[in-house]
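Hi there,

Here is the structure I promised to pass along. Have a look at it first, and then read on for what turned up.

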Amino acid sequence: MSERGPRLRAALEEVPAYRPGRSALPEGGEVWKLSSNENPFPPLPGVLDGAVAAAAGFNRYPDLACTGLREELARRLDVPVEHLATGTGSVGVTQQLLQATAGPGDEVLFAWRSFEAYPVLTSIVGARSVKVPLAPGEVHDLDAMADAVTSRTRLVFVCNPNNPTGTLVRRPALERFLDRIPSDVLVVLDEAYLEFVRDDEFPDGVELYRDRPNVCVLRTFSKAYGLAGLRVGYAVAHEPVAAALRKTAVPFGVTQLAQDAAVASLRAESAMRERVSSLVAERDRVYAALVDQGWTVPETHANFVWLRTGERTDAFAAACEGEGVLVRAFTGEGARVSVGSASANDRFLFAAERFRKG
Ligand code: PMP
């Protein structure tokens, strides 16, 4: 007798499986992982000791409300603590945002290519992704995005700087765009890479959100603060958006270890800034070397570079892998390569030059 399996939601058929960055070569050997935009530095000073101490309390649930972390952030950002919501990485907060705003029949708008989780998480809630192609120069086409808003649009992502292209939306353009978006559509400014930006016209989302109840800012401890493995991120938004994000959070999702490490990392801000400055210097070195090699690279404001390798993308990724360098390949489009340690970057530059000459 043939039995039918459990019924699953039809929306899941649309969901592409998330592909994490590779971390090892099938045949072993030394690898430089430049595929996940990770921070090559170990945890900031003091963070590991606090984490080891927190490990003694694993028999207890964490603080559900993330009180200490939210209070520390509220002080530093000068926002009410009620305007803060946390999650398991900013990808967790992204899921909370979609659960809070969108469902079947609704539209979620974003530039494409942008962060891969947007279409995945949109499909999971049963909403439809509206992807607005990047304009020449790999930048957000904000006019086209504003034109694409309909009565079904519930949420708009602006990834700034954009993953995977590293490009920036500047303040005047973003303000014009926000002025065009209806007040009942939530605009999420995803600032996962903000600490790497060195541009005077970068629009600080926390300043923009203050007098705009439909703007939400998304930030993470995974990149500049180097806590990717602990999974903690947050949103800054007015009520009732922040309250909705707290409702849709996985209960006790952010561990005490993650909360304590995030607070300790915020308190190690000057060390973080120093490390980020050294990564920015490496980024600028990698960028200049690629341009010297003859590559066309959009100016990057994050901790990665984007090479539009088109049809040769898989070959390029394989060539890098052959030198032990793992990159993130988007077949048929391009490759995103994180900025790592100086030796990893040297290895990547060697592979890139060899590929161009080959
Ligand atoms: N937003 C963007 C633009 C990202 O690139 C990433 C990580 N790749 C995230 C959010 C999520 O990071 P996390 O969940 O580790 O905070």
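A residue is called buried when its relative accessible area is under 20%, exposed when that area is over 50%, and partly exposed in between. Because its relative accessible area is 4%, Ser338 counts as buried. Please keep in mind throughout that this is a predicted model.

Ser338 belongs to strand E12, which covers residues 334-338. From there, the Ser338 side chain comes to 2.7 Å from the backbone nitrogen of Asn37.

Now to the ligand. It is surrounded by 13 residues, and the closest are Ser90, Asn163, Tyr193, Thr220 and Ser222. Sorted by class, that shell contains five nonpolar, five polar and three charged residues. Which helix gives the most to the shell? That is helix H3 (residues 89-101), with three residues.

A polar backbone atom of Ser90 is 2.6 Å from a ligand oxygen, and a backbone N or O atom of Val91 is 2.9 Å from an oxygen atom of the ligand. Asn163 contributes a polar side-chain atom, 2.7 Å from a ligand oxygen. As for how much of the ligand is covered, it exposes 400 Å² when taken alone, and the protein buries 92% of that.

Next, the charged side chains. Side chains of opposite charge can pair when their charged atoms come close. How many salt bridges does the structure hold? The count is 27.

- Glu191 and Arg219 form a salt bridge through their side chains, at 2.8 Å from N to O. This pair links distant parts of the chain, 28 residues apart: Glu191 is in the loop between strand E6 (186-190) and helix H7 (205-209), while Arg219 is in strand E7 (residues 215-220). Both Glu191 and Arg219 are buried.

- Glu175 and Arg171 also meet in a salt bridge, with 3.3 Å from N to O. Both are in helix H6 (residues 171-180), where four residues, or about one turn of the helix, separate them. Glu175 counts as partly exposed because its relative accessibility is 26%, and Arg171 is likewise partly exposed, at 31%.

- Glu353 and Lys357 make a salt bridge at 3.5 Å, N to O. They are about one helical turn apart, because four residues separate them in helix H12 (residues 342-357). Glu353 has a relative accessible area of 32%, so it is partly exposed, whereas Lys357, with 67%, is exposed.

- A network of salt bridges links Glu72, Arg75, Arg76, Arg267, Glu269 and Arg273.

Where does Tyr61 lie? You will find Tyr61 in the loop between helix H1 (47-55) and helix H2 (67-77). Is Tyr61 buried or exposed? With a relative accessible area of 66%, Tyr61 is exposed.

Methods:
Residues are numbered from 1 along each chain as its sequence is written. This is a predicted model: local features need pLDDT of at least 70, side-chain atom pairs count only at pLDDT 80 or more; totals for chains, interfaces and linings use all residues. Side-chain values use heavy atoms; hydrogens and water are left out. A salt bridge is a side-chain nitrogen of Lys or Arg within 4 Å of a carboxyl oxygen of Asp or Glu. Helices (H or I, at least four residues) and strands (E, at least two) are DSSP runs, numbered from the N terminus. Buried means under 20% relative accessible area, exposed over 50%, partly exposed in between (1.4 Å probe, protein chains only). A residue is near a molecule or strand if one of its heavy atoms lies within 4 Å of it. A polar contact is a pair of N or O atoms within 3.5 Å; within protein, one must be able to donate a hydrogen and the other to accept it, and residues adjacent in sequence count only if both atoms are side-chain atoms. Accessible areas come from the Shrake-Rupley method with a 1.4 Å probe; for residues, only the protein chains shown count as cover. Ala, Val, Leu, Ile, Met, Phe, Trp, Tyr, Cys and Pro count as nonpolar, Asp, Glu, Lys and Arg as charged, and the others, Gly among them, as polar.
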